[in-house]
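Work through the exercises below with the sequence and the model open side by side. Try each task before reading its solution.

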Amino acid sequence: MASPDTDELATVPSPAGSPEAEPAAGVVPQQQTEPLPTEPSAPEAQTVPQERVEPERLEPAAEEPTKPSKPGGRWWRGFTGSLAAGLTVLTIGVLVVAGIDLYTGAPGPGPVLLIGHPVAAALALLAQRVADRRNGVPAAGAGLAVVLFTASALTLFWLT
């Protein structure tokens with residue numbers, strides 16, 4: 001194999017018995033050269049015991065934690081998050097009951113419940129996502145939307 005910088009060929013020995021290892025007719029094989037004698041070894045360097053040094057611990061500069069704009073904001077987000085999660089669990093329960101009723105042949109929830117619950121839960125979860133990621137008026141509006149989606153689902157599907 002040629003070197004990329006020069007036109008020299010690489011000097012890699014071929015395994016014995018391979019066709020490339022056999023000398024061609026009329027070509028005299030090169031003599032193996034003896035390895036150069038190594039220099040006499042220097043006296044072993046003696047090691048000196050060193051004292052142990054502990055690494056420095058660099059602490060990041062203490063930053064003041066950001067406080068929510070209103071102290072009630074965390075409570076409101078927790079409340080609306082609980083409503084959205086509860087509506088999602090209720091939706092999963094309705095779908096499981098519908099599956100069991102379909103399997104057993106018993107009358108179950110109608111198509112309005114089977115469509116309305118997942119739609120209300122998805123809208124509530126999307127509104128809660130907005131409420132968790134925004135501050136101020138958009139967060140409050142999204143939280144109010146979660147309350148309205150939950151109240152409308154419970155009113156329309158359970159109190160009729």
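This is a predicted model: local features need pLDDT of at least 70, side-chain atom pairs count only at pLDDT 80 or more; totals for chains, interfaces and linings use all residues.

**Exercise 1. The chain as a whole**

Find how many helices and strands the protein chain has, and in what order its elements run.

Solution. Start with the count: the secondary structure comes to three helices and zero strands. Read from the N terminus on, the elements run α-α-α. Next, take burial: of the 160 residues of the protein chain, 15% count as buried. The chain exposes about 14,100 Å², and carbon and sulfur atoms supply 63% of that area. Last, look at contacts with a separation of 6 or more: residues 24 or more positions apart account for 60% of them.

**Exercise 2. The span of α1**

Compare the distance between the end C-alpha atoms of α1 with the span its residues should give.

Solution. Helix α1 has 32 residues, which should span 46 Å at 1.5 Å a residue. The end C-alpha atoms of α1 are 47 Å apart, so the two values agree. Then step past the end of the helix: just after α1, Gly105 takes a positive phi of about 85°.

**Exercise 3. The buried residues of α1**

List the buried residues of α1 and say which elements they pack against.

Solution. First go along the helix and pick out the buried positions: Thr80, Ala84, Leu87, Thr91, Val94, Ala98 and Asp101. Then look across from them: these residues pack against α2 and α3.

Take Thr91 as an example. This residue of helix α1 has a relative accessibility of 5%; buried means under 20%, so Thr91 counts as buried. With neighbours within four places in sequence left aside, the contacts of Thr91 are His117, Pro118 and Ala121.

**Exercise 4. The largest nonpolar core**

Name the residues of the largest nonpolar core and find which element gives the most to it.

Solution. The core has 10 residues in all: Ala84, Leu87, Leu113, Ala120, Ala121, Ala124, Ala127, Val146, Ala153 and Phe157. Assign them to elements: those that give two or more residues are α1 (73-104), α2 (111-133) and α3 (137-158). With five residues, α2 gives the most to this core.

Ala84 is in contact with Ala124, Leu125, Gln128 and Val146. Ala120, in helix α2, is in contact with Leu87, Phe149 and Ala153. The relative accessible area of Ala120 is 10%, so Ala120 is buried. Finally, check a distance: the C-alpha atoms of Ala120 and Leu148 are separated by 9.7 Å, while the residues are 28 apart along the chain.

**Exercise 5. A cluster of rings**

Which residues do ring pairs link into a cluster? Classify the pairs among them.

Solution. A search of the whole structure finds three aromatic pairs. Among them is the pair of Trp75 and Trp76, which is tilted, with 6.4 Å centre to centre and 40° between the planes. Trp75 and Phe79 form a stacked pair, with 5.6 Å centre to centre and 0° between the planes. Both Trp75 and Phe79 lie in helix α1, four residues apart, which is about one turn of the helix. Putting this together, ring pairs link Trp75, Trp76 and Phe79 into a cluster.

Last, check accessibility. Trp75 counts as exposed at 60%, Trp76 is partly exposed at 26%, and Phe79 counts as partly exposed at 36%.

Technical notes. Residues are numbered from 1 along each chain as its sequence is written. Side-chain values use heavy atoms; hydrogens and water are left out. A nonpolar core is a set of buried Ala, Val, Leu, Ile, Met, Phe, Trp, Tyr and Cys residues joined through side-chain atoms within 4.5 Å. Buried means under 20% relative accessible area, exposed over 50%, partly exposed in between (1.4 Å probe, protein chains only). Contact means heavy atoms within 4.5 Å. Rings of Phe, Tyr and Trp (its six-membered ring) pair if their centres lie within 6.5 Å; planes under 30 degrees apart count as stacked, over 60 as edge-to-face and the rest as tilted. Accessible areas come from the Shrake-Rupley method with a 1.4 Å probe; for residues, only the protein chains shown count as cover. The expected span of a helix is 1.5 Å times one less than its number of residues.
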